[in-house]
Amino acid sequence: MRRRGAAYPDPAVGAVKEKFESNPLWGKLKGTRHDVDDTVWMSAVGMQGAHALLDDVAEIFKVDPAKTS
């Protein structure tokens, strides 16, 4: 299993995260929030990147990422 890093590991980004999450629209979102690794979700490309994203989704929803049907 890939180690999940903090969503905002750079301390300089803390203020940006706080500003973003304090926006009134943030509170109107429905569902559950899941922190993911920004490095994967914002810069992953190609098949390996797609697999990394799907591995995160499978982990969040507690399903087998290798199951084909």
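User: Which residues of α4 are buried in this predicted model?
Analyst: Gly-49, Ala-52, Asp-56, Ala-58 and Ile-60. Each has a relative accessible area under 20%.

User: What covers the buried residues of α4?
Analyst: The cover includes α3, residues 38–43.

User: How do you know that the length of helix α4 agrees with its residue count?
Analyst: Helix α4 runs over residues 46–60, which makes 15 residues.

User: What comes just after α4?
Analyst: Lys-62, with a positive phi of about 55°. Lys-62 is not a glycine. Most residues other than glycine have a negative phi.

User: Why is Lys-62 called exposed?
Analyst: Its relative accessibility is 74%. Exposed means over 50%, so Lys-62 counts as exposed.

User: How many aromatic pairs are there?
Analyst: The count is 1 aromatic pair.

User: What makes Phe-20 and Trp-26 a pair, and why is it called edge-to-face?
Analyst: The ring centres are 5.2 Å apart. The cut-off is 6.5 Å, so the rings of Phe-20 and Trp-26 pair. Their planes stand at 70°.

User: Are Phe-20 and Trp-26 buried, partly exposed or exposed?
Analyst: Phe-20 has a relative accessible area of 49%. Trp-26 has 29% relative accessibility.

Notes. Residues are numbered from 1 along each chain as its sequence is written. This is a predicted model: local features need pLDDT of at least 70, side-chain atom pairs count only at pLDDT 80 or more; totals for chains, interfaces and linings use all residues. Side-chain values use heavy atoms; hydrogens and water are left out. Helices (H or I, at least four residues) and strands (E, at least two) are DSSP runs, numbered from the N terminus. The expected span of a helix is 1.5 Å times one less than its number of residues. Buried means under 20% relative accessible area, exposed over 50%, partly exposed in between (1.4 Å probe, protein chains only). Contact means heavy atoms within 4.5 Å. Rings of Phe, Tyr and Trp (its six-membered ring) pair if their centres lie within 6.5 Å; planes under 30 degrees apart count as stacked, over 60 as edge-to-face and the rest as tilted.
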